[in-house]
2 protein chains.
Amino acid sequence: MEIREKILSAAARVYSQHGFRGATTRLIAQEADVNEVTLFRTFGSKEALIEEAIRCHAASADFARLPDEPQDPERELTEWCAAHMAHMREGRALIVSCMADVEERPDIACSAGGGAGRAWQELERYLERLRSTGRMDVDVHLKAAGSMFMSIAFGDAMGREMIPSMFPQPVETAAREYTRIFLRAIAPRSNGAGRTQDGNAAAVSPSTDDRS
Amino acid sequence: MEIREKILSAAARVYSQHGFRGATTRLIAQEADVNEVTLFRTFGSKEALIEEAIRCHAASADFARLPDEPQDPERELTEWCAAHMAHMREGRALIVSCMADVEERPDIACSAGGGAGRAWQELERYLERLRSTGRMDVDVHLKAAGSMFMSIAFGDAMGREMIPSMFPQPVETAAREYTRIFLRAIAPRSNGAGRTQDGNAAAVSPSTDDRS
DNA sequence: GTAGCAAGCAAGTACCTGCTTGCACGCATC
DNA sequence: GATGCGTGCAAGCAGGTACTTGCTTGCTAC
């Protein structure tokens, strides 16, 4: 393994666990099984090293994509949500550390925020396609619904370990359950005749939306 | 202002901004306008001080309650969600700091997790009541739906500042939009449902025989 | 008054932090 | 063999860290 990568992965690991201040150069060097001086010779400073480590980690976020043209929304969204959640759960510590450092070290945050942004764009495009093909109610605020779905995955990934009582359903089925409920929410209202999309999508909201 | 409270509030503030390691006793003392030694004389150690500060802050979380008996779910949930979100947004930095420290300092996490737990219990009870009175579909997984709603508020409060592009709708209307979409999701599927309540009624009880 | 107590103040201890310096060793290339 | 080059190692610097000690000051109660 290249010494550079060894250091970067060690830095990401230590930073995840201890945050920026706790990620001492001595600790990173020890974890990478490398002399501390090598860190400075290779990356210049602790800040540059950790920034680079986070950027690499964020760039490696290459998970399941949503298709350009929705075929089976329940299956596709379930898989996407599950992959997304698994990825966030795995990188939970790093994400939280970045969030905690966001005000003190804005540069770090930029490096990290990219992943979420990309996922959000992808979901947004998918939902737009869903709506334009009549599989999503035009009365549902698209961006609100989308950010809700993102938040759901985010909340599960962050909170499952911390507040287990709030997430009683097992990891394996959570994404499916979330997706099903989400699809109920955005499904077009059946006007008398229940045009049930795939069995689960007959949600009817009696809430009048005349208030824009 | 009591010197004790002055120190506690300063500690919470500094801890929010800089995390545990960054919250030096010197900085806290300076922020509280108190001699550093007084910190140790009053609380014994930095750890004890910060733990106490977090506990106090979490205990002060006394926001809007959900009624025992749902009357107007859309209004009640909107208000509750808005209050909850505002509270989390205000305490965002502290929450994130606690989350980042959860593995290194589990004691701190326990002090902080209480607030979320209480809110969750309250929502769960409300949803149960909603379901038992026929205003929530029995096919919807109650805990999944509840944790979704919690996650939505959490995600908005945490992400709005960090990834603005994901939360384009203004703070004032976000809670209403979330609630409306959520209610669409959990509303009983109409078998040709009737709505007989006043105009803005959210989820309508079909418990009365499905006439019409 | 004076005794007790809470708080401030200055200094110090032992350790940790990022980062630097100087030097030695192994290894590939010419 | 000579020349770099990348790396390891030991030591150190200047500053920061939690926490302690010994002392002074001001306020309140008897």
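**The surface near DNA strand D**

Modeller: Helix α3(A) gives the largest share of the surface near DNA strand D, four residues. Helices here are DSSP runs (H or I, at least four residues), numbered from the N terminus. The model is predicted: local features need pLDDT of at least 70, side-chain atom pairs count only at pLDDT 80 or more, and totals for chains, interfaces and linings use all residues. Residues are numbered from 1 along each chain as written, with chains lettered from A and ligands numbered from 1 in written order.

Chain B joins in. By class, the surface holds five nonpolar, six polar and three charged residues. Asp, Glu, Lys and Arg count as charged; Ala, Val, Leu, Ile, Met, Phe, Trp, Tyr, Cys and Pro as nonpolar; the others, Gly among them, as polar.

Now the two chains. Chain B superposes on chain A by a rotation of 180 degrees with 0.0 Å of shift along its axis, RMSD 0.1 Å (least squares on C-alpha atoms with pLDDT of at least 70 in both copies). That is a two-fold axis. Within chain B, B:Ala185 has the C-alpha nearest the axis, 1.9 Å from it. The copies meet through the same surface, because 81% of the interface residues of chain B are also interface residues in chain A.

How values were computed. Helix = DSSP H or I, 4+ residues; strand = E, 2+ residues; numbered from the N terminus. Contact = placed C-beta atoms within 7 Å.
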